[in-house]
4 protein chains.
Amino acid sequence: MATRPAPADTRSSPSIGMLGYGFMGRAHSNAYRSMALNLWPAGIAPELSVIAGRSADVVAEAATRYGFAAYTTDWRDIVNDPTIQVFDNVGPDETHVEPTLAAIAAGKNVICEKPLSWSALEANELAAAAEAAGVKSLTCFNYRFVPAVRLTRDLVRSGELGEIFTASFRYAQEWRTDSSSWLPTRSGALNVIGCHAVDLAHFILGDIADVSGVITAPVTDASRGEPVDTVTSLARFASGAVGTIGATLIAPGRRNHLTFEISGSKGTACWDLENLNNLMVFRRDGSEVNGFAQEIVCESHHEIAKEWWPTGHILGWEHSHINMLAHFLQAVAEGTEVGPDAATFRDGARAADVAEAITSSAGSGHRTPVVYG
Amino acid sequence: MATRPAPADTRSSPSIGMLGYGFMGRAHSNAYRSMALNLWPAGIAPELSVIAGRSADVVAEAATRYGFAAYTTDWRDIVNDPTIQVFDNVGPDETHVEPTLAAIAAGKNVICEKPLSWSALEANELAAAAEAAGVKSLTCFNYRFVPAVRLTRDLVRSGELGEIFTASFRYAQEWRTDSSSWLPTRSGALNVIGCHAVDLAHFILGDIADVSGVITAPVTDASRGEPVDTVTSLARFASGAVGTIGATLIAPGRRNHLTFEISGSKGTACWDLENLNNLMVFRRDGSEVNGFAQEIVCESHHEIAKEWWPTGHILGWEHSHINMLAHFLQAVAEGTEVGPDAATFRDGARAADVAEAITSSAGSGHRTPVVYG
Amino acid sequence: MATRPAPADTRSSPSIGMLGYGFMGRAHSNAYRSMALNLWPAGIAPELSVIAGRSADVVAEAATRYGFAAYTTDWRDIVNDPTIQVFDNVGPDETHVEPTLAAIAAGKNVICEKPLSWSALEANELAAAAEAAGVKSLTCFNYRFVPAVRLTRDLVRSGELGEIFTASFRYAQEWRTDSSSWLPTRSGALNVIGCHAVDLAHFILGDIADVSGVITAPVTDASRGEPVDTVTSLARFASGAVGTIGATLIAPGRRNHLTFEISGSKGTACWDLENLNNLMVFRRDGSEVNGFAQEIVCESHHEIAKEWWPTGHILGWEHSHINMLAHFLQAVAEGTEVGPDAATFRDGARAADVAEAITSSAGSGHRTPVVYG
Amino acid sequence: MATRPAPADTRSSPSIGMLGYGFMGRAHSNAYRSMALNLWPAGIAPELSVIAGRSADVVAEAATRYGFAAYTTDWRDIVNDPTIQVFDNVGPDETHVEPTLAAIAAGKNVICEKPLSWSALEANELAAAAEAAGVKSLTCFNYRFVPAVRLTRDLVRSGELGEIFTASFRYAQEWRTDSSSWLPTRSGALNVIGCHAVDLAHFILGDIADVSGVITAPVTDASRGEPVDTVTSLARFASGAVGTIGATLIAPGRRNHLTFEISGSKGTACWDLENLNNLMVFRRDGSEVNGFAQEIVCESHHEIAKEWWPTGHILGWEHSHINMLAHFLQAVAEGTEVGPDAATFRDGARAADVAEAITSSAGSGHRTPVVYG
């Protein structure tokens, strides 16, 4: 036979408008393009319509690079474009609230990078707005879509670890020990990375009843003259479990060390983002050899991982974004729920509520209830 | 301003014709699409032109999924298409030789999955043909493009590990311990995965002088009635180093365990594909704390990794293909060399030469020189 | 020549009276006998004089087994024996205070297993009594004598890790998840094992300014009908460092998991009692390979380890007792100081002060100052 | 009651004569003294009678330090002493054969450090002599008495790992990369440390049918002008398993890295002397989490470990000697068998037979049968 044109792609193709083009702009664009190929069964082939950014030159190049059909320097062009279904906000923290509220008001489904806002009040405003408008929302707590994290959630939910007694969640990096870091210091460690630790706590263990926090700022960023803080806290969960939640950007050698350790009456699970494919799991089984199992969560029976490569062909950091965004676009296309597998704006607001309680407790020195919503 | 169309992509866009659409077809297609976005500085935006496969239905769907403009059931349509610059052969092993030779004869630059052939004679024929035709060739020994592997090669080349004394290379999987595996058993472990171990030995340490091999087939695949073999060998390198090279598909618990350990007068390096971002490196420095450094080879000063995400955002298996294929297409576009960073068909033939010597030695029980070319 | 009698042992031979004969009785007796052989340069050959215990039969057998010359069922026989120089109290917690105070009153040098007392008041009374009497005292915080722990203290003290920002200390075991455990439940996790974590915090980082604690008792020991607790706390150190201190006996899979992680401006150190010979140390050195060094702290230049076997012949748990007790007996024999390398009764009291503050804070929900002494 | 003398120790007290007083002299003396205390149920309280060595001053001090009643500069004094039941030869390699043969001739039970001899002929002569004389013999392959090694042997023997397909055994150290090492270079790596790897292969997998070896001497010891070698070999076991056996003293960073990896149809086990308490075990069980279990082989149900401390209180290197020598003295006292748990002189000779076959194959380049006995 002669060469024939490929059949048309008849899959759902939600139209995306993106605000921002930095690190996260690339990660999301990569996700949209990868999912159409790699997550074929999901039936989603996103259409990259418009990308917005402040600098015309840079955003124009980003449009070409990331594969967007068009660009603009005014995010309102996206909000006002009736053909766009999804507003994806990957801009700097200070651009999260106003444009996203405008997109919700325009009936867009909305994606926003974490943290929704440094203010719990604003974060809750975003959640309430999305709920009231009946649009789908996604807070980019992408680590929920690491196969080992999903497996942990499932092990806890199914009771395989028993009643949970203790848990620790911590995000440690070394990025601000180097004063030449591009990372801004204005927002504290809790906003920059700690919210991921809080969200994993919510995802795996549920509501937090109260917290006790300590925040110190032991160093000053040389180039900016701003204090660099570090956060530690105790959390009592509504379930009765107790634990710690921490975040620091001044831990030398910790490249990207988001970790947890969760122990229940029947077992323990430990994870580290730097080896994200592995989960250490102990379950008492009474056998002669009964240590921690070092599981490579990359097999055909593991959720998320099963959509990728053959066993042992490990995934990287970016895959969490690919699967998270595909999950969201499926929810948009098929009307299914975003949560609890993914984090909605409500989950983003809940993380901000916890951050606020930790900050308050750090100031008062008192154990402080978490007031959600 | 109003929304404007994205500027045209003016980068080099080599036209690709692909034979095959399975696991590797997806990995390569993913690579072509990812590199245009993620490896922007490489200046390559491949054009996916035609994909060929035996079954019209399946290849048509693959064309749509992978993003090829057209499909065919006859690979000769690709060979005969004068607009196609690169012939990428990801078909089953038995389709490697004839189509690739035809593509070379038609002046295409050629990519072929490993092993080039189960026969060293044929593999050398392919290498000679590509060289005679003056086309660029690539054998898909993708692990050369894992950042930790590249770093090891560089540490050896720069003398940071000193004179190399001992080295072991081994690829162990468990896939054939499960008789329901999709993996065919006709080709031995040496062809299926062992060639990767041999190529890493070449890449890092250079020519092998002679080998001593043992091949046994301790089990029979229940569903196919075929023997399943396991291979172990000693290698003496031209440099004077000595070591072992092994391959087995019947090692329970080894999901994808390609490993090496290399010791020289000044240091030792160890790597494992199951944690591909990590390299364990010991260098004697006389300090009080002088153990193996557990390096996450994912930082801005690490070759290959530096083109990806911020420090500690680890890469997955597929990234080795993305960077390997981008390197090759750059060589095609800019006329630069494929080797030694990537493996040419000559390197593919050299791996086959070593496999033949190991097989011969396993039969004779004698230490056997490796005859290259 | 003919066989000749061995020369007399002219080393210092302090006379030991021991109260108790269980797990710790064996560990100490083993230490006394081992040090004479293995720590020959220390010049100490202890004389095991009298062992006391409640049951005549059992203590008589212990005397023979452990090598004591005599036994008694009344510890006052030891206190009243003027030839005995050292009173070693390894009895159950409830026998720590009265006999030890009596021994101090009789002018004995005193050793007491941890915790000195469940009451900070009593622990301070012991410390004050020993100080007033001018006798040497030792609280058996034996982990100070693990080579990797000593190295950490020295790295911190010499500034090699820079200004310390964050630190966590935690002792986790699984022993009480099994209700058939021999371990009593009356004393909480803080007394049974948590005091070791507190002492390591003191040893390495110094005074703790205040703490915030949470104590829960999520399970009830089936056989005893007693609650089993778990403890987590935040600590602010006088130095400005912040961290967590925890203790739990209900962490499945944690056999003996006393751990710390300490980060300063220049580096990070991590340790785990389950692999007690290893220390993971990161120090930023700007080299191409700059990950955590996995140091086996068992070489000829490492304090404590250097007295033992050739490099890489690892030590076990019991060695911490051997070196600790040898250090104390040297101090007795030579009039040198017990601290800061070993823990005196003052250090035992300080650990009790912290435990009391944690317990108080757990009750009040307020950050609570540690009041030492 | 008043203080009473300890009851007499009525346990079996075999009388020991020792030749040598270096590193191994201390390790054995430590073992004899420790076992009486720690392995009380074994019922052995050795009597340290005479120690022999070349230098009167040094051996006299050793006698005092190690606790021997007497010393001599002539080992014949031990052989001729009718009260001595056990001749323990821990002298340098060149003193192994003649004194041990004399001790056997005198009817002593005999212990000899490894290797029995650098000559397989002499090693077999020793084995034959001990067998003919009907005395108990022990070759000090102490690693058989590491709990994790014993567990591995038992897992293989009970079939829990299935039919064994592949196995590697390797002893790597870095000691001769430092030319100031005290370690002599005359004997090759196979004699100094490789024999331990060979014995573990025998202990766990049984007879070796044939070997293929490579021995190179890539460096010259600067201070002695002697070549320093490194050994690698392939082994085919009588059982059908295949594997590698290696030994090197020039692997930087390898402090004491005796390792094995054994895979059968049902599972895989890996071990490393540098973390001797741990065993990594994979057994396919079909559960959702089915990775390698990191077992701390230090629990009350583990052979050897169960005689020591509570769970998780890890053992050190010296414990292998304590348990090995206690096992031997029990065999002497009770007339039980030394093997297969411990290595007899026959096992020592078998290791020498394998070393000879590897050396022969390294010279000829041919696969070479192992001829035992």
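This tour moves through a predicted model, stop by stop, and names what to select at each one.

In this model, local features require a pLDDT of at least 70, side-chain atom pairs count only at pLDDT 80 or more, and totals for chains, interfaces and linings use all residues. Residues are numbered from 1 along each chain as its sequence is written, while chains are lettered from A and ligands numbered from 1 in the order in which they are written.

**Stop 1: the two domains of chain A**

Select residues 15–142 of chain A, which make up domain 1. Then colour domain 2 separately; it consists of 147–275 + 277–315 + 345–368. These bounds come from an automatic or database domain assignment. Taken over C-alpha atoms, the centres of the two domains of chain A are 26 Å apart. Domain 1 of chain A brings 19 residues to the contact and domain 2 of chain A brings 17. Two residues are in contact if their C-beta atoms, placed from the backbone, lie within 7 Å.

Which elements of domain 1 of chain A each supply at least two residues of the side that touches domain 2 of chain A? They are helix H5 (120–133) and strand E7 (137–139) of chain A. Helices (H or I, at least four residues) and strands (E, at least two) are DSSP runs, numbered from the N terminus. H5(A) gives the most to this side of domain 1, with seven residues. By type, the residues on this side of domain 1 of chain A are 11 nonpolar, five polar and three charged. Here Ala, Val, Leu, Ile, Met, Phe, Trp, Tyr, Cys and Pro count as nonpolar, Asp, Glu, Lys and Arg as charged, and the others, Gly among them, as polar.

**Stop 2: chains A and D**

Next, display chain A and chain D together. Two copies of a chain are related by a rotation about an axis and a shift along it.

E15(A) pairs with strand E15 (residues 292–296) of chain D in the antiparallel sense over three bridges; strands pair if DSSP finds at least two bridges between them. Zoom in on Phe292(A), whose bridge partner in E15(D) is Gln294(D).

**Stop 3: chains A and B**

**Stop 4: strand E11 of chain B**

Select residues 242–248 of chain B, which form strand E11. Is this strand largely enclosed or exposed? Seven of its seven residues are buried, so E11(B) is largely enclosed by the rest of the structure. A residue is buried if 20 or more other C-beta atoms lie within 10 Å of its own, exposed if 12 or fewer, and partly exposed in between, with C-beta atoms placed from the backbone. Val242(B), Thr244(B), Gly246(B) and Thr248(B) point one way from E11(B), whereas Gly243(B), Ile245(B) and Ala247(B) point the other way.

Strand E8 (residues 164–172) of chain B pairs with E11(B) in the parallel sense over seven bridges, and Phe169(B) stands opposite Ile245(B). Strand E10 (residues 226–237) of chain B pairs with E11(B) in the antiparallel sense over seven bridges, with Leu234(B) opposite Thr244(B). E10(B) and E11(B) form a hairpin with four residues between them, and Gly240(B) in the turn has a positive phi of about 105°.

**Stop 5: Tyr143 of chain C**

Finally, select Tyr143(C), in the loop between strand E7 (137–139) and helix H6 (147–157) of chain C. Tyr143(C) has 24 C-beta neighbours inside 10 Å and therefore counts as buried. Leaving aside neighbours within four places in sequence, the contacts of Tyr143(C) are Val149(C), His196(C), Leu200(C), Leu258(C), Leu273(C) and Ser320(C).
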